[in-house]
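Open the model in your viewer and keep the selection tool at hand. The tour below goes from stop to stop.

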Amino acid sequence: MKDGKTKIIKGFPGQWRQNGNTVTYIPEAGKNVSNRGQIISEPKDIIVDTEADVNVEDFDYQGVRAQLIKRIGSGERKFAVRQRDPKSDTRHDFKGTKYFKLSKDWILPARYVPLDHWENVTTKAVLSDLSHKETAIGNIYFTYESKEYNLTVFQGHNDDSGWTRKDPKTNKTVYLDNRQETEGTANVLFKDSTSAKETYGGGRLLVFDISHPEKVDYIDFNTASNLPCFFTAFCTCPVSPNGNRLPFAVNAGETSEH
C-alpha cells in the first residue's frame, strides 16, 4: 500500500486506503466480509502507531483471508494486505518440498546460552526497501568436525493477527508485534556454503524449544526449512544475519529444488 492511495485486491471485495498510520477498509455492498467474527457493514478505520512488525487484522470472505500487516524500514510502504486462498492454483499445484537425505550425522551436540539482556538486531529483508527488527535472546553452540561454532538465536515469531492491549494512560487500543505467546520458542536464521546454490539464498530456518534452556543438548540440521519467501513473492521474510554464516556445507534439511 502507499500513503494516500486506495487499493483493490483482485478476488477480494472492498477497498483499502492508507492515510499515515491509519488504514481504512471500505466494504462492498452485498459482500459479507467479516473481521473478528463481525460482518463489516461500514468503513472500518484501523490505527497502528506501533513501529514494529505487526500482523494487524484478518478479514474473511468465503474462505479467503486478507491479512493486513505492518512492516518497518520503508517510509513509502508501511502497510500491505496479503491474500491467503486455500483453493489457489499455487497451493493446488504445489508438488511438495525436496530434502537432503536424512542423516544422524547432522544431529550435533550443542548447548544453549541465554543472553542476560536481550538485544535488538536489524536484519535485511527480501524486499530491499524493508528491514526487520529481530530480538537476539541467546546463542547456540555446537560442535562440527571437532570444532565449535555458534549461531545467534532470535525470539520466536508467530503468524497470528490482532494482538492488542489497552494503553493504561490513553485507554487507546495498541497493536502488538508478532512475537506474542512465543515464550519458549527460538528461531535461528543461518546460511552455509550451500546457500544460493543447493539451498535458498536468503538462508534457512531452525526452530527449537528453549522452555528449559539447560536441557538443550543438540541441534538437528535435518529440520532446517525454507522461509515462506522461497515459495511466494508475497512475503517480507528477514534475511539471515551475516554473523550466522557457517563456513561449511550443511547438506541437511530443505533444498531449493521445487
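In which sense do S15 and S16 pair, and over how many bridges? Select both strands: S15 and S16 pair in the antiparallel sense over six bridges. Strands pair here if DSSP finds at least two bridges between them. Strands (E, at least two residues) and helices (H or I, at least four) are DSSP runs, numbered from the N terminus.

This is a predicted model, in which local features need pLDDT of at least 70 and side-chain atom pairs count only at pLDDT 80 or more, while totals for chains, interfaces and linings use all residues. Residues are numbered from 1 along each chain as its sequence is written, and side-chain values use heavy atoms, with hydrogens and water left out.

**Around S16**

Next select strand S18 (residues 225–226), which pairs with S16 in the antiparallel sense over two bridges. In that pairing Arg204 stands opposite Asn226 of S18.

Now go to Thr194, in the loop between strand S15 (185–190) and S16. Is Thr194 buried or exposed? Its relative accessible area is 1%, so Thr194 is buried. Buried means under 20% relative accessible area, exposed over 50%, and partly exposed in between (1.4 Å probe, protein chains only). Show the neighbours of Thr194: leaving out residues up to four places away in sequence, it touches Thr199, Arg204, Ala249, Val250 and Asn251. Contact means heavy atoms within 4.5 Å.

**Aromatic rings**

Colour Phe, Tyr and Trp. Their rings (for Trp the six-membered one) pair if the centres lie within 6.5 Å; planes under 30 degrees apart count as stacked, over 60 as edge-to-face and the rest as tilted. By this rule there are 17 aromatic pairs.

Begin with Trp16 and Phe59: their ring centres are 5.0 Å apart and the planes stand at 90°, so this pair is edge-to-face. Trp16 belongs to strand S2 (residues 12–19) and Phe59 to strand S7 (residues 54–61), so the pair links distant parts of the chain, 43 residues apart. Both Trp16 and Phe59 are buried.

Then select Tyr112 and Phe208, where the centres are 6.4 Å apart and the planes are at 80°, so the pair is edge-to-face. Since Tyr112 lies in strand S10 (residues 107–124) and Phe208 in strand S16 (residues 204–209), the pair ties together parts that are 96 residues apart in sequence. Tyr112 and Phe208 are both buried.

For a group, select Trp106, Phe142, Tyr144, Tyr149, Phe190, Phe221 and Phe248, which form one aromatic cluster. Then find Arg111, whose charged end sits over the ring of Tyr141, 4.4 Å from its centre. This counts if NZ of Lys or CZ of Arg is within 6 Å of the ring centre and within 35 degrees of the ring normal.

**Two loop residues**

Select Arg36, in the loop between S4 and strand S5 (38–39). Arg36 has a positive phi of about 55° although it is not a glycine. Gln62, in the loop between S7 and strand S8 (64–70), also has a positive phi, near 50°. Gln62 is exposed, with a relative accessible area of 69%.

**The whole chain**

Zoom out. The protein has one helix and 18 strands, and 44% of its 258 residues count as buried. Finally, colour by pLDDT, the predictor's confidence in each residue, from 0 to 100. The mean pLDDT is 91, and 98% of the residues reach 70 or more.
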